[in-house]
Amino acid sequence: MSNIAVTAQLPGPALELLRACHEVRVHSGPTMLEPEVVAGWAAGADALISLLANPVGAEVMERCPALRIIGNCAAGFDNIDCVEAGRRGIWVTNTPDVLTEATADLAWALILTVTRKIIEADAFLQAGRFKGWELDLMTGSGLQGRILGIVGFGRIGRAVARRGSAFGMKVMATHTSKAINGFEDVTFADIETLVASSDVLSLHCPLNDETRGLLHENRLRQMRRGAFLINTARGPVIDEAALVRVLEDGHLGGVGLDVFAQEPAVHPGLLGRENAVLLPHIGSATREARSEMAELAARNVLAVLAGDEPPSIVVRGR
Ligand code: DGY
């Protein structure tokens with residue numbers, strides 16, 4: 001029987017699966033934890049299940065000399081020091097696939113909300129200002145025939161691309177090294193061309209040294225005037241202060257952001273703008289996806305503790 005530390009209550013059958021064979025302790029209270037809280041909670045564990053709001057660095061690993069796996073309950077894993085985990089022979093796993101469609105749906109919810117002024121129109125009506133149908137009331141931007149640019153053509157980027165084609169958009173994406181059967185209509189381009197060509201630019205890349213600040217001020221200004229920027233990936237991919245300046249200049253048509261550079265803080269310059277739709281990182285927030293994420297995180301942990309290969313490997317352990 002191993003000792004598993006979990007940083008939050010998990011939905012669905014995950015905890016039951018773990019408790020069937022192991023000792024499990026579950027942290028209660030807020031899920032946004034400081035590194036020392038994660039380290040204190042995990043101390044002595046053989047396995048840790050973490051959320052993306054839990055920084056897992058060397059100090060956590062130091063407190064768990066027997067740690068065999070960090071099972072992140074998220075597709076992203078930028079909250080984990082993967083280099084340090086690899087150095088110590090600790091497995092790192094994530095939960096891809098099960099949240100792909102939910103996250104792609106949310107990216108599209110943002111695209112439609114921002115291009116069709118849904119929030120503004122709702123507020124207008126709720127304020128009693130709807131006096132009858134008008135030809136030019138709340139006119140938005142049509143999408144058909146426009147270019148949808150996708151940065152990061154992985155699972156979620158492709159799911160967003162499929163929806164884009166169904167909406168009659170022309171899809172462009174950044175190059176990918178993996179096979180891409182079924183996307184013959186997609187045009188691949190470098191980031192500069194993509195940024196400069198897109199009417200809607202949607203971000204789906206992981207956060208790493210290459211993508212941090214990828215959308216810096218120059219690139220934001222290279223976007224088409226009136227274009228829309230959607231981010232359901234990670235906040236630090238965009239230079240937020242630069243984005244505020246670009247929005248202030250009226251260069252962009254609008255933004256739809258589900259993620260922020262310093263969550264839960266939001267750059268004050270983004271708040272209160274009619275053309276900025278801001279969400280509290282809910283890309284994968286369907287009951288189904290969250291339950292499957294937790295279950296996959298549990299299955300990854302159970303596999304490693306049983307001496308097997310986990311289903312979704314980020315870092316191979318010993
Ligand atoms: C992830 O999984 O990385 C998302 O940001 C949250 O589901």
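This is a predicted model: local features need pLDDT of at least 70, side-chain atom pairs count only at pLDDT 80 or more; totals for chains, interfaces and linings use all residues.
A salt bridge here is a side-chain nitrogen of Lys or Arg within 4 Å of a carboxyl oxygen of Asp or Glu.

Residues are numbered from 1 along each chain as its sequence is written, and side-chain values use heavy atoms, with hydrogens and water left out.

## Salt bridges

How many salt bridges does the structure hold? The count is 17. Side chains of opposite charge can pair when their charged atoms come close.

| Pair | N to O distance |
|---|---|
| Arg163 and Asp105 | 2.8 Å |
| Asp199 and Arg146 | 3.8 Å |

Exposure classes use relative accessible area: buried is under 20%, exposed is over 50%, and partly exposed is in between (1.4 Å probe, protein chains only). Helices (H or I, at least four residues) and strands (E, at least two) are DSSP runs, numbered from the N terminus.

Take Arg88 and Glu84 first. Arg88 is partly exposed, because its relative accessibility is 27%. Glu84 stands at 12%, so it counts as buried. Both residues belong to a salt-bridge network that also links Glu62 and Arg87.

Next comes the bridge between Arg163 and Asp105. Arg163 sits in helix 7 (residues 155–166) and Asp105 in helix 5 (residues 100–115), so the bridge ties together parts 58 residues apart in sequence. Arg163 is buried at 17% relative accessible area. Asp105 is partly exposed at 44%.

Asp199 is buried, with 12% relative accessible area. Arg146 is partly exposed, with 38%.

## A buried leucine

Is Leu220 buried or exposed? Leu220 is buried, because its relative accessibility is 0%. Its element is helix 9 (residues 217–222). Contact means heavy atoms within 4.5 Å. Beyond its neighbours within four places in sequence, Leu220 contacts Leu215, Leu229, Ile238, Asp239, Ala242, Leu243, Val246, His251 and Leu252. From Leu220 to Glu34, the C-alpha separation is 32 Å, across 186 residues of sequence.

## Negative patch

Glu34 is part of a patch of negative charge on the surface, together with Glu36, Glu59 and Asp81. Patch members have over 30% relative accessible area and no salt bridge, and like charges are joined within 9 Å. Asp and Glu count as negative, and the place of a charge is CG of Asp or CD of Glu. Areas come from the Shrake-Rupley method with a 1.4 Å probe. Asp81 lies in the loop between strand 4 (69–72) and helix 4 (82–87). Asp81 is partly exposed, at 31% relative accessible area.

## Backbone geometry

Which peptide bond is cis, with omega near 5 degrees? The bond runs from Glu263 to Pro264. Pro264 is in the loop between strand 11 (254–257) and strand 12 (276–278).

Two non-glycine residues have positive phi. Lys117 has a phi of about 55 degrees. Lys117 occupies the loop between helix 5 and helix 6 and is partly exposed at 31% relative accessible area. His281 has a phi of about 50 degrees. His281 is placed in the loop between strand 12 and helix 11 (287–305).

Definitions and conventions. Patches are made of residues with over 30% relative accessible area and no salt bridge: like charges are joined within 9 Å, nonpolar side chains (Val, Leu, Ile, Met, Phe, Trp, Tyr) within 5 Å.
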